[in-house]
Amino acid sequence: MRIRGDILRTYQSVHTWTGIVAGLVLFIGFYAGSLTVFKPEITQWATPTSEYLAPIEVEKYDALIEQVTAKHQKAADGFTLNFHQQASPLTWYESGGGRGLRLDDSLNHATLTQQDELVTQLATPNELGNLIDLLHRTAGIIGEVGHEDLGVIILGIAAVLYFLALVSGVIFLLPTLVKNFFALRSNKGASRFWLDSHNLVGIISLPFHLIIAWTVIVFSFHDVFYGGLGLAYGDKPLFERQAKAEVAYSVNNLHPVDKYIKEVNQLAQGYQIKSMEFSRLNSKAPQLGVQVTNPDVMKRGQDADYIMLHPYTLKVTYSSVFSQEHNSDPYGPVVKSFFALHFGNYGGEAGRWLYFVMGLLGAFLFYGGNLLWLEKRRQKQTTQSRSNRVMAALTVGICLGSVLALVSALLASKWFYLMQVQINQGYVYLYYAIFFAAIIFCFIKGAALGAIRIQQLLGTICMGIVITSVIAPLIPALGFMQHLAIGGFEIVALVFAMAFFYSAHKTAQRAYYGERNSIWALTPNTVKDVTPQQVTI
Amino acid sequence: MTRLSADQKIQPHWWSKTLSGSILGLSLAFAFASIFAWYGPGGIEPSMKTQFNMWIISPIWLLVLSFSFLFKTGKKAFLYLSAANIVAYSIFLTLRWYL
């Protein structure tokens with residue numbers, strides 16, 4: 001396909017500059033997003049089993065509610081019933097609760113013994129999964145603008161640039177697309193390999209990337225879009241408002257749990273009920289939020305659809321489950337599919353792994369893009385330009401540093417519980433300490449040594465996660481971990497450990513035996529404390 | 001293909017094209033979404049359609065922005081996109097007025 005040269009050059013510039021500006025935060029958004037796919041599993045992996053109380057039969061939930069609400073005022077205002085394995089039968093917030101992330105909420109758990117006696121226990125919920133999700137949505141940028149996170153806004157802007165980068169990348173790739181599509185030339189030097197793999201990954205996962213760019217922009221700027229749309233709607237409200245009831249209700253008027261289950265099962269056929277959250281029970285605006293799930297259909301939330309009911313009148317106020325009989329708005333399933341295509345929640349286990357891999361490939365795309373930018377500006381001299389050195393240090397420090405910091409938090413998780421560190425604060429401090437240390441190291445020692453060291457550490461820490469799980473049953477003090485066996489989590493950690501060791505080895509080889517006039521070259525003169533033998537594993 | 005002379009080629013004009021594409025592209029997207037909201041399938045009533053309308057704003061906006069760099073000069077980008085805006089909003093207001 002022939003395209004005019006000036007058009008190609010224009011879009012090459014657009015691609016280069018949008019990519020280099022947005023690449024770093026997008027890298028964090030993508031790799032953390034890959035992990036967010038497994039958020040429930042990560043939280044479950046990190047939470048000691050001793051925090052969950054024993055499950056009870058569904059018939060006993062009514063007795064449990066009666067005892068808890070009679071004894072605890074907070075629970076009488078609102079509580080959550082859980083119907084899945086990795087949760088206590090009933091929970092309520094002693095402090096905190098509601099939307100958003102807080103690090104020291106205290107959550108009460110309740111269950112019944114065989115003799116129907118009430119057992120309760122107070123614990124701080126493990127937020128590891130939510131913290132990874134937050135990293136995914138904000139790239140770890142702290143601060144708020146209005147009622148939105150600053151990081152979300154910045155990722156929204158990055159997503160606009162990312163969309164431009166996708167369109168421009170496709171345009172200037174078109175003339176050579178057919179000829180070079182499946183070419184992965186490893187014999188023409190490292191930069192050719194990075195270019196070919198960048199193009200290949202970009203083209204193969206283009207639909208995924210377009211969807212992600214689009215949805216992220218909407219997630220970040222929906223208020224702006226609704227604001228503008230509101231002008232066109234004129235006097236017509238964008239959303240219907242719920243009329244407040246005149247009657248004040250009391251928790252004693254609640255229906256038996258069985259009635260709610262039957263009602264929900266009818267509204268959401270083929271779904272399983274995950275949880276029922278009762279709130280504001282003694283007020284004029286009580287609410288029941290039910291989460292239902294089905295692994296093989298598109299869902300509005302990451303792993304659930306939502307149905308909102310009035311807990312006393314059972315009137316449905318909102319439902320993200322659409323069917324012919326109930327809730328047949330034709331636009332409903334379409335809008336829901338946009339969310340589902342972002343979350344990757346519609347293809348069962350295989351679909352989630354596919355999203356995990358595509359997210360990591362996305363991160364690889366941005367990292368490789370930055371490397372290509374550096375390569376293009378390489379000069380035939382041993383010391384590269386200042387802008388090149390800064391960009392290389394930022395690329396390695398921010399991208400690999402963020403992964404290192406997160407993986408360290410995963411490793412520390414079990415040990416935090418053992419040492420009774422405040423768990424959620426521990427994750428946050430550890431993450432930022434290591435993240436900034438990695439960036440500083442890259443600036444002081446250079447990106448070449450930084451890349452080698454960080455990848456070696458990454459391999460070591462991933463091995464540490466596996467070793468922690470292996471030795472856990474052997475240490476009596478780690479009693480709560482005794483249930484741990486080698487599961488999917490440990491296998492993935494092992495695979496990544498091997499991958500990091502291998503890439504550290506390749507990076508070291510390039511540093512000592514590769515092109516001399518490069519930002520990635522190391523000589524015993526520039527770095528005195530390292531010899532090739534030490535670095536090459 | 002004959003070689004293009006310097007003034008036949010696309011001029012960079014990054015700032016003016018980016019600004020025109022961003023601002024006029026967004027207002028154009030709002031115009032399309034507004035027309036669709038009132039006169040697209042289902043009309044203004046379906047409650048979930050409000051969300052759909054909001055969702056279609058960003059792809060229209062971004063496609064206009066992406067292709068704004070094809071204008072030969074920043075001035076042309078501004079003029080053509082302004083004209084497109086005037087046409088789109090005229091259609092919207094005319095429909096709202098008469099229907």
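1. A crossing of two helices is called left-handed if the near helix is turned anticlockwise from the far one by less than a right angle, and right-handed if it is turned clockwise. By that convention, α8(A) passes α10(A) in a left-handed crossing. Helices here are DSSP runs of H or I with at least four residues, strands are runs of E with at least two, and both are numbered from the N terminus.

2. The model is predicted: local features need pLDDT of at least 70 and side-chain atom pairs count only at pLDDT 80 or more, while totals for chains, interfaces and linings use all residues. Residues are numbered from 1 along each chain as its sequence is written, and chains are lettered from A and ligands numbered from 1 in the order in which they are written.

3. Helix α8 (residues 206-233) of chain A packs against helix α10 (residues 331-343) of chain A at an angle of about 115°, and their axes are 9 Å apart. Axes are lines fitted to C-alpha atoms, for helices over the stretch in contact, with angles running from 0 to 180 degrees between N-to-C directions. On α8(A) the contact is made by Ile211(A), Ile212(A) and Thr215(A), and on α10(A) by Phe338(A), Leu341(A) and His342(A). Two residues are in contact if their C-beta atoms, placed from the backbone, lie within 7 Å. The contact residues comprise 4 nonpolar, 2 polar and no charged; Ala, Val, Leu, Ile, Met, Phe, Trp, Tyr, Cys and Pro count as nonpolar, Asp, Glu, Lys and Arg as charged, and the others, Gly among them, as polar.

4. The domain assignment of chain A gives domain 1 (1-23 + 141-239 + 346-376), domain 2 (48-125), domain 3 (251-343) and domain 4 (378-537). These bounds come from an automatic or database assignment. Between domains 1 and 4 of chain A, 6 residues of domain 1 are in contact with 9 residues of domain 4. Helix α11 (residues 348-376) of chain A gives the largest share of the domain 1 side, 5 residues.

5. Chain B has 3 helices and 0 strands, in the order α-α-α along the sequence. Its radius of gyration is 17 Å, well over the 13 Å that the globule rule gives for 99 residues, so chain B is more spread out than a compact globule. The radius is taken over C-alpha atoms, and the rule is 2.2 Å times the number of residues to the power 0.38. The C-alpha trace of chain B spans about 55 × 25 × 25 Å along its principal axes.
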